Amino acid sequence: RQKDPKACVVMADIDYFKKINDTYGHLQGDLVLKRVARIFENSMRQYVDMVGRYGGEEFLLIFDNTDEKTCRSIVERIRQEIESTKFLRIDESGKQDPTRFFNLTMSFGIAGIGHEKASLSEPSQDRSFERLSPEEWINRADKALYHAKQNGRNQASIYPSWLLRKIGCKNNGLKNKFKFS
């Protein structure tokens, strides 16, 4: 094991999933969840990273030995793939119709662990590492996800905001790209 292990947890949520269920039905919604899960599985390192459905239309992703900057790059690649995927619609009999499709987007919240102490304010000079319970770690990713949803969806946010300045991430102002506080 590494001296200073790092990992990131990501909370991912399909934007406007209720509208998909309400418009196309729950069978269509189930097919969307399965397709999104396959995209995640194909985008992650086998035997190293993990993904699972967390509830409803949310997924929890865990990236081992990954810092926030690297995780953000991975998540952005996944976000772009999901945004460009054509999700086939189903017809009245429940069969996929290759001539009809729709697109969707996802929002992401990223929280690191094993990194320098994190707080909602600027970090102190203390360079020790904090220990978080799994619940606290997931709660931080959920807060970052909430931030992404509140700021336009189809983007990712990293908890806490001061960390973005530390790793050099800036809001480039482009629609449907990462936006940060």
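Q: Which residues of helix H1 are buried?
A: In this predicted model, helix H1 covers residues 17-24, and its buried residues are Phe17, Ile20 and Asn21. Looking down the axis of H1, you find these buried residues within an arc of 95 degrees, so they line one face of the helix.

Q: And which exposed residues does the face turned away from the buried side carry?
A: That face of H1 carries Lys18, Lys19 and Asp22, which are exposed.

Q: OK, what do the buried residues of H1 pack against?
A: They pack against strand S1 (7-14), helix H2 (26-43) and strand S5 (96-102).

Q: What comes just after H1?
A: Glycine 25 does, and this glycine takes a positive phi of about 100 degrees.

Q: Switching to the sheet: what's the strand order?
A: The order is S2-S3-S1-S6-S7, five strands in an open sheet with mixed pairing. Strand S2 (50-55) and strand S7 (156-159) are at the edges with a single partner strand each, so one side of each has no neighbour in the sheet. From one strand to the next, the twist averages 20 degrees.

Q: How do S2 and S3 run, and how many bridges join them?
A: S2 and strand S3 (residues 58-64) run antiparallel, joined by five bridges. Glycine 55 stands opposite glutamate 58 in S3.

Q: Back to H2: which strands does it touch?
A: H2 packs on the sheet and touches S1, S2, S3 and strand S6 (106-113). The direction of H2 makes about 5 degrees with that of S3.

Methods. Residues numbered from 1 in each chain as written. Predicted model: local features only at pLDDT ≥ 70, side-chain atom pairs only at ≥ 80, totals over all residues. Heavy atoms only, no water. Buried < 20%, exposed > 50% of the residue type's maximum accessible area, 1.4 Å probe, protein only. Helix = DSSP H or I, 4+ residues; strand = E, 2+ residues; numbered from the N terminus. Arc of directions from axis to C-beta. Contact = heavy atoms within 4.5 Å. Pairing = 2+ DSSP bridges. Axes fitted to C-alpha atoms, helices over the stretch in contact; angles between N-to-C directions.
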